[in-house]
Amino acid sequence: MSNNQKESLFVRAAFSQPTERPPVWMMRQAGRFMKEYWDIKNRYSFLEMCKTPEIAADVTMLPVDLLGIDAAILFSDILVTAEAMGGDLSFTQGVGPRFSNPVRNSADVDKLETDVMDRLKYVADAIVVIQQRLNGLIPLIGFAGAPFTVMSYLVEGGSSKDFKLTKLMLHNEPELAHRLLSKIADVTTAYLNLQIDAGVNAVQIFDSWAGALSWDDYQEFSHSYIARIISGLKRKDIPVISFCKGSSVFAPLMAQTKPDVISVDWNADLLSVKKSLPSGIAVQGNLDPHILYADKKVIRERILRLYEKMKDEPGFIFNLGHGIMPDIPFDHVKYAVEVIKNELKKA
Ligand code: CP3
């Protein structure tokens, strides 16, 4: 039996079909804001969690069981592709991701491997276990990082505030940057297809740091590679979601790559973005995650306010403009999901 989840609230909204209420899930819905995450995290390293299918499945299921969201997202990280290509990746508490062998010159780019799907087989295995656990309840979203965002971690050697070295490479050595981006794009396309073959019901591409780029640089160094990835996907009947921090500005370019859904950051007026897009492209977003720190009456009021704008639009998936922060109170997140599920019914 195929488990394409075509009838689910989430997939219908992603394909801009009418739904009784907007589906809801939240970026970073499985993570440190949950006590149950720490119960697991205290026993394993983050990469061990990603690489052990049973553990990745346990963590993926936490928000399904504890929050009742309408879509699960694979527990993994956008940097596993870069690791498979040869990046020496570690995650340290309080520091975040680090590559001890940053990619800074032509020889470094040459060293990166692209025939690496064998090394990512643990992800396919995790997807199979997760789908067994979900047992058709809700769809599973797979994901990968967009080439520019992944490149930034490889070049900087970790997180960065200003992406100085990455932008220097774009500006001083554009051919080298293109060679690097091209390698990442090839791996990313194969990696998302591996996830599709393993059974995910949607895929999301995360371009978390594209907002650091000018329009021209976004077009040349990010947009073109996302277009290449999306056109290389075995889409079948699986929705493709494109997320970018900066989508308030770049949405017109993002639309050209023909995703089914654009995930919008919180700066934008979501209805204006939706109305500016070609019909058939849904939007996902875009509550400021900081709202979830606020009092419950504020959370409820802001959710109702966003819905009031969006209620007549088919193709609206409730989400945040970016991920949940680790110190957001769990009961606030749970409350937000309840408000969305219980109060946003169509008349
Ligand atoms: O959304 C989910 O619940 C699914 C799992 C998921 C993680 N990372 C788990 C994670 C997803 C979809 C990601 C994507 C990811 N990873 C992005 C894109 C999304 C975004 O937030 O913009 C980025 C930029 C990364 C890179 C990354 N991974 C950073 C910068 C960090 C450290 C800082 C931080 O926010 O945690 C990680 C580690 C990471 N990825 C953790 C989790 C649960 C924390 C690991 C820990 O427990 O220490």
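I began with Arg12, which is buried, as 20 other C-beta atoms lie within 10 Å; I call a residue buried if 20 or more other C-beta atoms lie within 10 Å of its own, exposed if 12 or fewer, and partly exposed in between, with C-beta atoms placed from the backbone. The model I am reading is a predicted one, in which local features need pLDDT of at least 70 and side-chain atom pairs count only at pLDDT 80 or more, while totals for chains, interfaces and linings use all residues. I number residues from 1 along each chain as its sequence is written.

I placed Arg12 in helix α1, where helices (H or I, at least four residues) and strands (E, at least two) are DSSP runs numbered from the N terminus. Leaving out residues up to four places away in sequence, I found Arg12 touching Gln17 and Thr19; contact here requires C-beta atoms, placed from the backbone, to lie within 7 Å. I also noted that Arg12 and Pro314, although 302 residues apart in sequence, have C-alpha atoms 9.2 Å apart.

Next I looked up the UniProt record, an unreviewed entry, which lists Arg28, Gln29, Asp77 and His322 among its "binding site" positions; such positions are given in the numbering used here with shortened feature names, and the annotations may be inferred rather than shown by experiment.

I checked three of these positions in turn. Arg28 is in the loop between α1 and α2, has a positive phi of about 65° although it is not a glycine, and is partly exposed with 17 other C-beta atoms within 10 Å. Gln29 lies in the loop between α1 (9-14) and α2 (35-41) and is buried, with 26 other C-beta atoms within 10 Å. Beyond its neighbours within four places in sequence, Gln29 is in contact with Pro63, Leu67, Ile69, Ile73 and Ile324. Asp77 sits in the loop between β1 (72-73) and α5 (80-84) and is partly exposed, with 19 other C-beta atoms within 10 Å; its C-alpha atom is separated by 7.6 Å from that of Cys50, 27 residues apart along the chain.

For the ligand, I recorded 23 surrounding residues, the closest being Ala30, Gly96, Phe206, Ser208 and Gly323; a residue qualifies if its C-beta atom, placed from the backbone, lies within 6 Å. I sorted this shell into 11 nonpolar, 8 polar and 4 charged residues, counting Ala, Val, Leu, Ile, Met, Phe, Trp, Tyr, Cys and Pro as nonpolar, Asp, Glu, Lys and Arg as charged, and the others, Gly among them, as polar.

I then turned to helix α15 (residues 330-343), whose 14 residues should span 20 Å at 1.5 Å a residue, in agreement with end C-alpha atoms 20 Å apart; the expected span is 1.5 Å times one less than the number of residues. The buried residues of α15 are Val333, Ala336, Val337, Val339 and Ile340. They cover an arc of only 155° around the axis, which puts them on the same side of α15, the arc being that of the directions from the helix axis to the C-beta atoms. I found these buried residues packing against α4 (53-67), α14 (296-310) and β9 (316-320), whereas the face turned away from the buried side carries the exposed residues Asp331, Asn342 and Glu343.

Lastly, I noted a cis peptide bond from Gly285 to Asn286, with omega near -20°, and placed Asn286 in strand β8 (residues 282-287).

Notes. Two residues are in contact if their C-beta atoms, placed from the backbone, lie within 7 Å.
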